[in-house]
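Subject: Structure handover

Hi,

Here is the structure for your files. My notes follow below it.

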Amino acid sequence: TDTHFSVVLNGEVIRTKISAENLFSLPICVIMTWVMKMDKEKELPKRKPTRLKNFDYSSAGAYFVTICIRDRMNILSEIVKTDLTATDKTNGLAVGEGLAPPEITVKLKPCGEVVKEQLQLIEARFPSVTIEDYVIMPDHIHAVIFLHEKAGGASPSPTLDDVVCAFKSLTSRSCKQKFGIEKMFQRSSAEHIVRDRDDYETRRKYIYENPMRWYYKHLKTEE
């Protein structure tokens, strides 16, 4: 059977094919370049876009956003069993970590503390933005971000990109200065447009239960 591949000849990419019998008559440098290209393509699958093509992401509304740490490093928090004496019993939340079931604690690491601080500063930087629910997981963050309409004559409202990029930039800069972490976040983030109240409750429930799912998933792995 014939095998298709591309070579560079005098600066021009040429796609060609060669039979299996003649493949090994090629110069070793051509074969190795071809093999390395194939390996790289296997290692780096194309990320599927998560955004709607024609939707205006500056529109007022609620957005469920997921931001992941580069290489999924567990640098933000630990998920552990809750000591109820250390929990705010009035609402069942482990204070400062976002939503979590009463029996589970999201214990922030130093980088997680920076993430928490920057999340809480979003509303001060962008008065038309509120963060209703969030959770800081070991290697990612979930948050529901509300963009509100501004009064007439006010400066343009920030887009979802403006908010997420500012958060990632300021958090990355702080963690680099304090802990020497380079390129903290994955380049892209995942955004879901919250359609209605039922959808919001579904996303809020997902955030609330995420630490519990993580804890028991990793508990089984360790066993």
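There are nine salt bridges in the structure. The term covers a side-chain nitrogen of Lys or Arg within 4 Å of a carboxyl oxygen of Asp or Glu. Please note that this is a predicted model: local features need pLDDT of at least 70, side-chain atom pairs count only at pLDDT 80 or more, and totals for chains, interfaces and linings use all residues. Residues are numbered from 1 along each chain as its sequence is written, and side-chain values use heavy atoms, with hydrogens and water left out.

Start with helix α5, which spans residues 197–222. Helices here are DSSP runs of H or I with at least four residues, strands are runs of E with at least two, and both are numbered from the N terminus. Glu-209 has two salt-bridge partners to look at. One is Lys-205, with the closest N and O atoms 3.0 Å apart. The other is Arg-213, where the closest N and O atoms are 3.5 Å apart. Lys-205 sits four residues from Glu-209 in helix α5, about one turn of the helix. Arg-213 is also in helix α5, four residues from Glu-209, again about one turn.

How covered are these side chains? Lys-205 is partly exposed at 48%. Glu-209 is partly exposed at 21%. Arg-213, at 33%, is partly exposed too.

Two further items on charged groups. Lys-176 and Glu-182 pair through their side chains in a salt bridge, N to O at 3.5 Å. Lys-176 is partly exposed, with a relative accessibility of 45%. Glu-182 is also partly exposed, and its relative accessible area is 45%. Separately, a network of salt bridges links Arg-195, Asp-199 and Arg-203.

Next, the cysteines. How many disulfides does the whole structure hold? The search finds zero. The criterion is a pair of cysteine sulfur atoms within 2.5 Å. Cys-111 is buried, at 5% relative accessibility. Cys-68 is buried as well, at 12%.

Val-106 lies in strand β5, residues 104–108. Val-106 is buried, with 0% relative accessibility.

Now the overall picture. The protein chain has five helices and eight strands. Along the sequence, the order is β-β-α-α-β-β-β-α-β-β-α-β-α. The chain has 223 residues, and 39% of them count as buried.

Contacts are defined by heavy atoms within 4.5 Å. Take those between residues at least 6 apart in sequence: 64% of them join residues at least 24 apart.

Last, the surface. The protein chain exposes about 14200 Å², and 54% of that comes from carbon and sulfur atoms. Areas were computed by the Shrake-Rupley method with a 1.4 Å probe; for residues, only the protein chains shown count as cover.

Best regards

Methods. Buried means under 20% relative accessible area, exposed over 50%, partly exposed in between (1.4 Å probe, protein chains only).
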